[in-house]
Amino acid sequence: MEHESIAKSNSPIIAIIGLGYVGLPLSIALSEHYSVIGFDINSTRIESLHRHIDLNREIPTSILQSSKIQFTNNKEDLKKANIYIIAVPTDIDADDSPDLSYLIKASEMVGGLISHGDIVIYESTVYPGCTEEVCLPILEELSGLKSPIEFSISYSPERIVPGELMESLKSSIKIIGSQNDATSLSVKSIYDSFLYHEAQIVSSIMVAEAAKVVENTQRDINISLINELSVIFDKIGISTHEVIEAASTKWNFHPYSPGLVGGHCISVDPFYLIHKAKKVGHLPQVIAAGRRVNEYIPKHIATKVTQELIKQGKNPGNTKVLVMGLAFKENVSDIRNSKVIDLMNYLNDYSICIDTLDPHVASYQNSRNHYAQISDIRAEYDAIILCVAHDEFKDLSEQWFEKVSIGATTLFDVKGIYRKQLTDESIKYWTL
Ligand SMILES: NC(=O)c1ccc[n+]([C@@H]2O[C@H](COP(=O)([O-])OP(=O)(O)OC[C@H]3O[C@@H](n4cnc5c(N)ncnc54)[C@H](O)[C@@H]3O)[C@@H](O)[C@H]2O)c1
C-alpha cells in the first residue's frame, strides 16, 4: 500500500502510544476526525480514563465523556492500527544522560505490530539522530520490514503547554520531518485535521528533532543569563526586575524573568543536545553553563532564606517556613522535576520545618503539613517562600501575609509578584 493512500483513505486507524500530557490531548484532537486507540502501559491511567478522569487534572471529564477513543492497555487492540504515534517519556538519568528506555520499549512493541504501509510517528523529544539511529533499527528488526519501502517513519515534535493543553496543541505550528515526502504529506494531512495553522514539513527527521531541543535550549540559556544576573545584582544590592524593565526600553532587548527552571522540557532537553554534541566530538560550553546556572538557583534561594533567618537571630532548626507552590510552573499540578523540591531539600539540610501550600496539588507527603486551600493556613511562619505564580497566589492581601507571619518575617517572592504591591514594612521582601 502506498503511504500517501493511508491518510487519504477514509479511515486510517491511529494508535497513540503513551497517554500523558502529550498523548492524551493528541488522542482527543485526532479522535474528532479519525478512529483512535489510546494505549498506555500504566493500568491505573487506563482505568481512570475509562471512568473519564484525567489524573493529571488537565482534561475535563466532559471532554473525555464525549470522546470516542478506545482506551486500552492491551497491545492486541493495536493490531488494527495503521498509524502509530509514540509519545512516551524521554527523561534523563542520574548522570544527566538521556534515558531512552521508554522509547526503546515502545519501539519494540510497535515493531512487533506494524505491517506493510504503516507509518510510525515519534513525538517524544530526543536529540538529533535518535529516531533513525536508535528507534528505526528496532522497528525494522522486530517487524522484519524494511523502511521506507515497506513502512516509514516520521518525527513531529510537540509544543504543547501544560495548563492549556488542548488550545496550545491546536494553535501551535507543528513541524514534520520524515524519511520521504510521501510520508510527510500523509502525516501532515492527519495533523492538519485539527491544527489552526498548517503543519510545516522540514527536509529531514534530524532537522525536526534538532528544532525541538534547540527551542527549549534557547529558553534555558536565556533564563540562565537573567538568573546569573540576578545573583550578581543581589550582591550589588539592586533589583533585577527593575534593571530588566530599564533595559527593555532598548528596541532589541528581550526581557526574561529570573526563576526556577524545572519540569520535563526546558530543564531536560538541553542535556539531550549536550549528549549528541559530545557524541560528535564537541564539548558544549554555553549550553552546559546555562544548565549549571539554572540548577544552582534553588540552592541560591535556600541560602538566602537561611542567611536571613540567622540574621534575625533565629536558629534555622527552630523555624517554620511556608513554601507556596510546588508545581514546576504556574497553574499546573505537575511536580515532576520541580525545582521547588530541590529548594526544600536544601532547607531540610538546615532542619528547617516546612509547610507547603499548593491549590493545584491535592496531596504531598514530604512536608510537615501540606495544604491545598489558602484558607486552611493557620500557623505563623518565620519565612514565606512564594515559588510559583499560580493565579490563586496573585491577589493576596498585605493583611494575609501579616496574618501568617510571626513578625520580622521575610517574603521570598521568587517570581517577583508582589514587588510593587507590598508597602507594609512589617513584612520584609526579597525577590530574585
Ligand atoms: N509535557 C509537556 O509539556 C511536553 C511538551 C512537549 C514535548 N513533550 C515530550 O513528549 C514526551 C511525552 O511527554 P509527556 O509529558 O506526555 O509524558 P508523561 O509522563 O505525561 O506521559 C507519558 C505516558 O507514557 C506512558 N508510557 C511509558 N512507556 C510506555 C510504553 N512503552 N507504552 C505505552 N505507554 C507508555 C506512561 O505511562 C505515561 O502515561 C516526552 O518526550 C516529552 O519530553 C512533553
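**A close look at the parallel sheet**

Reply: Let's begin with the open sheet of 6 strands, which run in the order β13-β12-β11-β14-β15-β16 with parallel pairing. Two strands count as paired if DSSP finds at least two bridges between them. The strands themselves are DSSP runs (E, at least two residues), helices are runs of H or I with at least four residues, and both are numbered from the N terminus. At the edges of this sheet sit β13 (369-371) and β16 (428-431), each of which pairs on one side only. From one strand to the next, the twist averages 20°. For such angles, axes are lines fitted to C-alpha atoms (for helices, over the stretch in contact), and the values run from 0 to 180 degrees between N-to-C directions.

Before going on, please note that this is a predicted model: local features need pLDDT of at least 70, side-chain atom pairs count only at pLDDT 80 or more, and totals for chains, interfaces and linings use all residues. Residue numbers start from 1 along each chain, as its sequence is written.

Now zoom in on one pair of neighbours. Strand β14 (residues 381-386) and strand β15 (residues 405-413) pair in the parallel sense over 5 bridges. You can find Y381 opposite S405 in β15.

Next, which residues have the most contacts inside the largest nonpolar core? They are V321, I384, I385, L386 and C387, in a core of 56 residues. A nonpolar core here is a set of buried Ala, Val, Leu, Ile, Met, Phe, Trp, Tyr and Cys residues joined through C-beta atoms within 7 Å. A residue is buried if 20 or more other C-beta atoms lie within 10 Å of its own, exposed if 12 or fewer, and partly exposed in between, with C-beta atoms placed from the backbone. Among the elements that give two or more residues to this core are the strands β11 (320-324), β12 (353-357), β14 and β15, as well as helices α9 (205-236) and α13 (339-348). Helix α12 gives the most, with 6 residues. Domain 1 (3-202) and domain 2 (296-431) both contribute residues, so the core lies between them. Those domain bounds come from an automatic or database domain assignment.

Staying with this part, look at the loop between β11 and α13, where you will find N331. N331 has a positive phi of about 60° although it is not a glycine. N331 is partly exposed, with 15 other C-beta atoms within 10 Å.

Within it, β1 (residues 13-17) and β4 (residues 83-86) pair in the parallel sense over 4 bridges, and I17 stands opposite I86 in β4.

Is Y127 buried or exposed? Y127 is buried, with 25 other C-beta atoms within 10 Å. The C-alpha atoms of Y127 and D342 are 26 Å apart, and the two residues are separated by 215 residues along the chain.
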